[in-house]
Amino acid sequence: GNIFYNIEYSGIDLSGNRYILKAKEASDNDKSEDLLNLKDVNAKFYFKNNRILNITSNYGLYNSNSLDMIFEKNVIGKYEESTMLAEKAEYFNSKNFLLITGNVKIKDIRGTILAEKLLFDIEKNKLDISSSEDKKVDAKINYK
């Protein structure tokens with residue numbers, strides 16, 4: 001397939017938030033013409049509330065039709081004063097949320113949270129933190 005270097009896509013999601021997606025390398029996907037395989041990925045989401053979410057990962061997948069994005073391996077997210085580490089993050093433009101899964105760890109000046117899954121509703125600016133029945137959400141809160 002075709003290989004492209006230093007690609008950049010930018011646009012506006014369904015909620016009117018801007019994003020810029022960059023990758024050092026992109027290649028055609030065997031499953032669909034709308035999909036691109038990405039390497040060394042960096043995405044910035046500029047929310048209408050003037051906050052910025054930055055996500056980096058080793059690999060990714062971009063759907064040029066739906067504008068959905070998947071980030072995999074060494075996923076790092078930075079949002080205000082918080083840093084998030086995970087195995088996978090999925091941005092669903094069509095559904096207006098970000099799903100973060102796999103050994104999720106959030107580090108913040110207020111403490112640390114370990115969980116299996118985070119669901120960030122972009123439109124409502126709401127975060128749900130969960131784990132399966134046999135695992136717990138582990139939170140360590142810093143008191144001032």
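Me: Which residue makes a side-chain polar contact with the side chain of Ser82?

Reply: Heads-up first: this is a predicted model, where local features need pLDDT of at least 70 and side-chain atom pairs count only at pLDDT 80 or more, while totals for chains, interfaces and linings use all residues. Residues are numbered from 1 along each chain as its sequence is written, and side-chain values use heavy atoms, with hydrogens and water left out. A polar contact is a pair of N or O atoms within 3.5 Å; within protein, one must be able to donate a hydrogen and the other to accept it, and residues adjacent in sequence count only if both atoms are side-chain atoms. The Ser82 pair comes in at 2.3 Å, and the partner is Asp108.

Me: Is Ser82 buried or exposed?

Reply: Buried means under 20% relative accessible area, exposed over 50%, and partly exposed in between (1.4 Å probe, protein chains only). Ser82 has a relative accessible area of 17%. That is under the 20% cut-off, so Ser82 is buried.

Me: How many of the residues of S6 are buried?

Reply: Ser82 belongs to strand S6; strands here are DSSP runs (E, at least two residues), helices are H or I runs of at least four, and both are numbered from the N terminus. S6 is largely enclosed by the rest of the structure, because the buried count among its 11 residues is eight.

Me: What does the chain's secondary structure come to?

Reply: From the N terminus on, the elements read β-β-β-β-β-β-β-β-β-β. The tally is zero helices and 10 strands.

Me: Over how many bridges do S5 and S6 pair?

Reply: Two strands pair if DSSP finds at least two bridges between them. S5 and S6 (residues 82-92) run in the antiparallel sense; Lys78 has Thr83 as its bridge partner in S6, and Ile76 has Leu85. The bridge count for S5 and S6 is nine.

Me: Which residue takes a positive phi in the hairpin of S6 and S7?

Reply: S6 and S7 pair antiparallel over eight bridges, with Tyr91 bridged to Leu98 in S7. The hairpin has four residues between the strands, and the positive phi, near 65°, belongs to Asn96.

Me: And which residue takes a positive phi in the hairpin of S4 and S5?

Reply: S4 (residues 52-63) and S5 (residues 69-79) run antiparallel and are joined by eight bridges, one of which pairs Leu53 with Tyr79. Five residues sit between the strands of this hairpin, and the one with a phi near 70° is Leu67.

Me: What is the relative accessibility of Lys73?

Reply: Lys73 sits in strand S5 and has a positive phi of about 65° although it is not a glycine. It counts as partly exposed, because its relative accessibility is 47%.

Me: Is Asn103 buried or exposed?

Reply: Asn103, in strand S7, also shows a positive phi, near 50°, without being a glycine. Its relative accessible area is 58%. That is over the 50% cut-off, so Asn103 is exposed.

Me: How far apart in space are Leu119 and Thr101, C-alpha to C-alpha?

Reply: Leu119 lies in strand S8 (residues 111-121) and counts as partly exposed, because its relative accessibility is 30%. Leaving out residues up to four places away in sequence, its contacts (heavy atoms within 4.5 Å) include Phe97, Leu99 and Asp128. Leu119 and Thr101 are 18 residues apart in sequence, and their C-alpha separation is 8.8 Å.
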